[in-house]
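Subject: Structure handover

Hello,

Here is the structure for your files. My notes on it follow below.

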Amino acid sequence: MRIVLHGQQAFGQTVLERLLERGEDVVAVCCAPTKEGKPEDPLVELAREKGLPVHQPASWKTPEALELMKSFNADVCMMAYVLLFVPQEVRDAPTYGTFQYHPSLCPEHRGPSSINWPIAMGKTRTGLSIFWPNDGLDEGPMMLQKTCEIGPDETLGDVYFKKLFPMGVDAMIEGLDLVKAGVIIKHDQRLEDGSYESWFGKASAEIDWSKPAIDVYNMIRAANPAPGAWTTIAGSELKIYDSARVDGTGITGEVVSVGGDGVTVQAEGGRILIKRVRPTGGGKMAASEWAAAVGINSGTKLGSVSCRILCCSWI
């Protein structure tokens with residue numbers, strides 16, 4: 001079967017490795033254009049190392065891009081982490097069309113930050129979907145799904161690299177085997193039962209210490225390692241990575257203690273033990289080291305609290 005692999009970064013690279021290990025006929029590799037001053041994408045590097053033709057059109061919404069896909073005379077296209085929009089005519093050019101990987105249980109958590117949001121919302125399960133994309137955002141008919149747990153202390157990095165990444169590679173190969181066997185599964189999604197969330201960016205990762213400690217902790221986990229939860233101290237931003245939740249009461253946003261294990265800050269109904277941080281202009285470091293360097297003590301205030309809490313303090 002003639003296969004086009006369209007993807008990028010480590011996930012696309014690993015899918016290509018698996019295809020080549022199996023002796024699959026990969027006739028072309030497509031990837032997003034390399035940005036000026038940035039290193040070559042690892043998928044592109046592997047494809048060139050193996051002597052495979054690489055194509056990096058800036059847009060797939062052109063007649064030239066459609067003719068390019070048609071020229072491959074492919075049986076199927078596999079999309080392994082693709083952010084560029086690919087129109088229907090291009091997706092349908094291979095004999096059996098195009099299927100795609102998405103790291104959530106569609107129709108829940110459709111969108112570009114589908115791993116972050118379930119963690120931030122405190123959910124205990126997530127998964128992945130292999131589906132046939134349409135012109136909607138992760139709305140196409142479903143081929144297969146796999147589920148996994150979100151541990152109570154697992155971060156974005158844990159869930160993706162230890163679970164959704166390896167599971168996703170296996171699922172992409174499973175999807176290919178179904179197509180090769182002539183088993184074309186397409187179950188429509190019930191979009192009304194799902195959700196779509198946009199990017200989990202900097203604004204989503206700002207810590208509000210007046211919120212319940214469990215919500216703060218979940219958000220820190222969801223942003224670790226990217227985009228990195230953050231707060232402020234004396235007007236400067238501080239990113240927070242590794243942390244733990246501990247019991248205790250006090251004034252929200254206030255440093256309760258500083259020790260060898262980190263810096264403990266009060267949230268609503270509980271505390272956050274900050275273990276690893278990155279101050280503005282610096283690299284990641286132990287929170288205890290940072291606290292000693294800048295003179296953090298009990299009573300130091302971090303970040304902001306909501307207007308509701310501030311207003312109530314005046315009553």
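Helices (H or I, at least four residues) and strands (E, at least two) are DSSP runs, numbered from the N terminus. By that count, the protein chain has nine helices and 15 strands.

Two points on the source. This is a predicted model, so local features need pLDDT of at least 70 and side-chain atom pairs count only at pLDDT 80 or more, while totals for chains, interfaces and linings use all residues. Residues are numbered from 1 along each chain as its sequence is written, and side-chain values use heavy atoms, with hydrogens and water left out.

**Overall**

The C-alpha atoms of the protein chain fill a box of roughly 70 × 45 × 35 Å along the principal axes. Of its 315 residues, 49% count as buried. Buried means under 20% relative accessible area, exposed means over 50%, and partly exposed is in between (1.4 Å probe, protein chains only). The areas come from the Shrake-Rupley method.

**Strand β6**

Strand β6 covers residues 125–131. Six of its seven residues are buried, so the strand is largely enclosed by the rest of the structure. Two strands pair if DSSP finds at least two bridges between them. Strand β5 (residues 98–102) pairs with β6 in the antiparallel sense, over three bridges. There, Gln100 stands opposite Phe131 of β6. Strand β7 (residues 142–149) also runs antiparallel to β6, joined to it by seven bridges. Ser129 faces Gln145 of β7 in an opposite position.

**Salt bridges**

Side chains of opposite charge can pair when their charged atoms come close. A salt bridge here is a side-chain nitrogen of Lys or Arg within 4 Å of a carboxyl oxygen of Asp or Glu. The structure holds 14 of them.

Arg22, Glu24, Asp177 and Lys180 are linked in a network of salt bridges. Arg22 is partly exposed, with a relative accessible area of 35%. Its bridge to Glu24 has the closest N and O atoms 2.9 Å apart. Glu24 counts as buried, at 10% relative accessibility. Asp177 meets Arg22 as well, at 2.5 Å from N to O. Asp177 lies in helix α6 (residues 156–180) and Arg22 in the loop between α1 and β2 (25–30), so this pair ties together parts that are 155 residues apart in sequence. Asp177 counts as partly exposed, at 34% relative accessibility.

Another salt bridge joins the side chains of Lys163 and Glu154, at 2.9 Å from N to O. Both Lys163 and Glu154 are buried.

**Negative patch**

Glu17, Glu21, Glu45 and Glu49 gather in a patch of negative charge on the surface. Patch residues have over 30% relative accessible area and no salt bridge, and like charges are joined within 9 Å. Asp and Glu count as negative. The place of a Glu charge is taken as CD. Helices α1 (9–21) and α2 (42–49) each supply at least two residues of the patch. Glu17 sits in helix α1. At 34% relative accessibility, Glu17 counts as partly exposed.

**A buried loop residue**

Asn224 lies in the loop between α7 (213–222) and β8 (229–233). Asn224 is buried, with a relative accessible area of 7%. From Asn224 to Arg18 is 206 residues in sequence and 28 Å in space, C-alpha to C-alpha.

Best regards

Technical notes. Patches are made of residues with over 30% relative accessible area and no salt bridge: like charges are joined within 9 Å, nonpolar side chains (Val, Leu, Ile, Met, Phe, Trp, Tyr) within 5 Å. Accessible areas come from the Shrake-Rupley method with a 1.4 Å probe; for residues, only the protein chains shown count as cover.
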